[in-house]
Amino acid sequence: MANRIVQLVGIAALALVLTMFAQTAWADDPPGAKLFQTYCASCHGEAGKGGFGPAIGTEKFLGGHDDASMIKTTSEGVAAKGMPAWSKANGGSLSDDQIAEIIAYLRSLSPGSSSTVATSAPTAVPTSATAPTVAVIVQSRLTLAQATGKNGAVVLKATLTGEDGKPIEGAAISFSRATSFGNLDLGSAKTDSQGLAALTVAEVPSAARQVVAAFKGDKSSAASKSALRLEPSDQAVAANGAEVNNAQLSMDEPLLSPDGSLITPNPPLVPATLFVMVVLGVWSIYALVVYQLFRVRKAGVVENKVNTLTFRQ
Amino acid sequence: MQRQSAREDILFQPLRSNSIGFYLFCAFLLAIIGWAAYAYYIQLRDGLVVTGLRNYIFWGIYMTNFVFFIGISHAGTLISAILRVTGAEWRRPITRMAEAITLFALTIGAPMIIIDMGHPERLPNLLLYGRLQSPILWDLISVTTYIVGSLMYLYLPMVPDLAECRDRLTDAPNWKRFVYRVLSLGWRGNEEQKRRLERGVSIMAITIIPVAVSVHTVVSWIFGMTLRPGWHSTIFGPYFVVGAIFSGIAALLVAMAIFRRVYHLESYLQEKHFRYLGLLLLVMDVIYIYFTLSEYLTMAYGNEAADQGVMQMLFVGDFAPIFWTMILGGFVLPGLMLALPNLVKNPSPSSAPLLNLRPLAAAIALVVIALVTTAPGVGASADIQMATVTPVLRLIGIIAAIGGVFWVMLPFMQAHPIGTVVTASVLVNIGMWLKRYIIIVPTLYNPLIPIQNVPTEWAHYTPTWVEWSITAGAFASFILLYALFSKMFPIVSIWETSEQKPELPAGGGTRG
């Protein structure tokens, strides 16, 4: 009984380890999904739900962009805004086929959207699902510039305008620093009548930093975002004794290797195989010991029978 | 033969009858456990906000308990397996106790992880979406392997004793006899059975050693594989393993002392057992101090920006009281208690006049301690370079005071060797619990991304009553399980201790 249970537990645990291994190592996703997960999700979020980069997996986005334009952006990038160029022709690491696979995957996230939209007009294109509820939302435009304030502090100036070029007043703009491990909040400011929101950052970076201003959008204007490369300054670091703990511009990026040994979507096969073999080895030894117990029991039973027989005689 | 049985009767005594004191003790433990269950209900209902854990300091005393219990679980493996493999005869009466500690420490320690989770129902996700490249999954696998292995390792050498119980305790309640009958696997002690069992025991004794080492190494890797200051260290594996063995021996010594007293096992657990284990504890203590020095000196010497924050907090900042209590009270003091009575000879009569000064020395020592610990001038602002001499004076004062106390206590300690070893063990266990706390929390105070956009109190961690209650409950459950085990099965291996003969006994029918 007891050894049966131990055996069962052992087998169950083994099966578990095996399925887990199979799942992680040989998962059966479409090729584009894996590529997207590896190369794009860090900025565009899981399934393109958005993050540092815009949400490109949503129905709203896909409804308004055709494959050709998406492939073009992906291949060539938007250098000024922090979107890398991916095609081999532009110095990236993806082949044209791979890019096409990624776009096909994105398209599959929103099957209803057509892959050839005639216009990629900035106004929200009504899609079948969202049409009835969408009010007239005007596209907004955000620009970000750098100026120098007192003591050499950095002043970030974001200007928000509507589609028609008119400034939008009273909108909250949040500023952050984009890093490879997430956005560090720098603070926020409201736009004035000129559509200008300014934020003074007390410290000056010693190396170039990526800064982002973002407008969440409101009832009448759509969200927008703008990035800027802050150039380093000679009088680096903490201008007027800003707390070191909050030093978010001067803080260095962690030194992760670019293709990230820490960011592995699947376990490396050889070490994983070794690992599983060791675990299986230990459990086989357990099985061997349980077998010994089984034999102990059997030997006892046999002897009992023998005893009874002699007794009868 | 007859005399032998009388000695063994002592071992069966706890299995035969329960005193009223035992029931009261269980009721007391159950009350604590009930209270902890209530606290956990509150935590499930309201979420982790009822604890002191927040976004940045997300591990606290739950994790401390986890590492602590996994640590003392090494008692069984090391003492029992290593001593068995190396054929140390004196291990015989203590192996069972040690193995039971292992099993119960694991049964209590492993679930601490689940208690630490805000959404325990998401635990299956660890398996469903587990990443084989994550140390968390390694931990899950190795702890599972270890629990199963130590259960088997506890059970195997118990089979002949279970047969003994089956044959002797014929007046036990039916359910108990049923358990003995099933678990003893029809043991008759014939040649075939002995051979099989012996093979099983030796295979397990050898297998369980690397498994145990791997478990604590993997626990350390959960910390070490991150890039965080104070955790990202190559010696963490061996450091944790040594720490585990260290606290495991200490836990075993405490358990031995309690069983010896309560179950009258003086004839089994003799002074020499405490002395040998005490020396083993001393060795581990010294190795652990060496590791600790090596770890912190390397960090402090390099003085990297990220490490600085942690070092500062430990040496002079928020955690300094705990840190120094642990170093001095948990490692140095027990070390001296274990070493000095062996090193210093009994004072000769000629030094009698000097001995009369003992009370005076004690008083002076206490005054010095009081003075140095209340001396102003050392606060969070002092830096690691020890810019002022105050800390140095303080250190000298403390050392002098400890020396004084020892001079006073020495004859007493020599007169009570067991008491001394056990007291040292208690101190070690407290020290090791604090050590785990000190490993986990200060690093979380110093995240790589600055703590931002959260209420200031989130940057600090203070355990709440919920956490303390659950911790108390965990310890109470451990003790309860252990006590119940000792009521159900002989806590000292009968066949292994009978006349200290290594042979497996012939079972039931042939005896008497």
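What share of the 313 residues in chain A is buried? Buried residues make up 35% of them, where buried means under 20% relative accessible area with a 1.4 Å probe, counting protein chains only.

Before you click further, note that this is a predicted model, in which local features need pLDDT of at least 70, side-chain atom pairs count only at pLDDT 80 or more, and totals for chains, interfaces and linings use all residues. Residues are numbered from 1 along each chain as its sequence is written, chains are lettered from A and ligands numbered from 1 in the order in which they are written, and side-chain values use heavy atoms, with hydrogens and water left out.

**Stop one: chain A.** Select the chain and switch to cartoon view. You will find six helices and seven strands; these are DSSP runs, with helices (H or I) of at least four residues and strands (E) of at least two, numbered from the N terminus. Along the sequence they follow the pattern α-α-α-α-α-β-β-β-β-β-β-β-α.

Select β1 (141-148), then β5 (196-201) of chain A. Together with β2 they form an open, antiparallel sheet in the order β1-β2-β5; strands count as paired if DSSP finds at least two bridges between them. β1 and β5 of chain A are edge strands with a single partner each, so one side of each has no neighbour in the sheet.

**Stop three: chain B.** Select helix α9 (residues 159-168), where nine of its 10 residues are buried. Among them are Val159(B), Leu162(B) and Cys165(B).

Conventions:
Buried < 20%, exposed > 50% of the residue type's maximum accessible area, 1.4 Å probe, protein only.
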